Amino acid sequence: MYFGSVGFKSTYPLYIHKKKWQKCSQALKVNDLVLIFDDNAKRNKALFHTTSQRSDLMEFFDIEKNWNKQKIQTGRSWRKGELRIKSNEDLHKLWYVLLKERNMLLTMEHACKEEYEIFPNPERIDKVAESMENIEAVVRERNEAYHLLEIGESGERPAKYISNVLGIIQTYRYCQHVIPRYMNTSWKKKHMFYYNGYAVRKFQTLYREKMWSQRRKMLNREKNTAIALIKKFPSLNIDALKKQYPSINVDRILASNKLKSLRLASRSR
């Protein structure tokens with residue numbers, strides 16, 4: 001006679017003879033159901049956490065003990081390496097857990113704004129969004145590998161680079177439509193490609209100037225940070241500094257006049 005365990009999945013089922021099952025002191029009869037828990041199953045018990053089953057509108061709100069708190073202890077987001085070792089079923093479950101968490105956080109954020117209160121730990125929304133993006137990336141990797149193995153194609157929708165109405169290059173993915181493109185007026189109004197003119201050329205000039213100004217400021221910030229670190233820590237590992245700031249020329253910074261006093265001090269020693 002076989003008695004399965006309840007509450008966990010046992011890898012070592014318990015087999016008991018029909019005449020000996022009455023002598024088992026761990027037998028529990030509830031509604032004509034006999035449950036027998038063996039020691040091997042207890043050792044192999046796996047804890048699995050799920051959200052509370054409330055099935056009402058309170059699912060959109062946080063638990064009551066977290067109300068009126070200024071800070072809530074939270075963990076980090078899920079990484080791709082951790083998600084790659086999980087099965088498709090686990091990823092599917094985790095996706096809906098994160099979806100419920102995102103809906104709850106957005107509801108609590110809106111409720112705090114309505115009551116003019118501070119929403120505790122707003123970075124939780126970013127962590128959930130990052131976790132969901134990583135799940136999508138892992139699922140896309142698996143789908144691509146499967147399609148490459150089966151049919152030799154990635155399975156992704158074909159795409160091409162196009163220029164929008166502002167002259168900015170973007171990716172456009174092909175999709176199916178019921179009617180041809182020359183008859184689809186709504187699609188033509190939404191997707192206006194390869195538009196050119198004086199206003200567009202002027203915008204592109206100002207846009208490139210703005211992008212270059214932002215990059216120049218970023219390089220100056222990294223350069224000044226590297227100089228400050230070298231002055232504060234003369235024995236700093238230069239290779240680690242180059243790895244931390246790959247966009248700047250560390251050797252040129254070391255030979256600059258800003259570190260001339262540091263070089264003279266090192267020579268005097």
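Trainee: Which residues make the nonpolar surface patch of about 610 Å²?
Mentor: The patch is made by V165, L166, M192, Y195, F203, Y207 and M211. This is a predicted model, in which local features need pLDDT of at least 70 and side-chain atom pairs count only at pLDDT 80 or more, while totals for chains, interfaces and linings use all residues. Residues are numbered from 1 along each chain as its sequence is written, and side-chain values use heavy atoms, with hydrogens and water left out.

Trainee: Why is M211 called partly exposed?
Mentor: M211, which lies in helix α6 (residues 198-232), has a relative accessible area of 34%; buried means under 20%, exposed over 50%, and partly exposed in between (1.4 Å probe, protein chains only), so M211 is partly exposed.

Trainee: What makes S131 buried?
Mentor: The relative accessible area of S131 is 2%, so S131 counts as buried. S131 belongs to helix α4 (residues 123-150) and, not counting residues up to four places away in sequence, touches S77, W78, L83 and L98, where contact means heavy atoms within 4.5 Å.

Trainee: Why does K86 count as partly exposed, and where is the place of K86?
Mentor: K86 is at 27% relative accessibility and therefore counts as partly exposed; its place is in the loop between α2 (80-84) and α3 (88-114).

Trainee: Which residues is K86 in contact with, leaving aside its neighbours within four places in sequence?
Mentor: With those neighbours left aside, K86 is in contact with W78, L91 and R142.

Conventions
Patch = residues over 30% accessible without salt bridge, like charges linked within 9 Å, V, L, I, M, F, W, Y side chains within 5 Å. Areas by Shrake-Rupley, 256 points an atom, 1.4 Å probe, with all protein chains shown as cover. Salt bridge = Lys/Arg side-chain N within 4 Å of Asp/Glu carboxyl O. Helix = DSSP H or I, 4+ residues; strand = E, 2+ residues; numbered from the N terminus.
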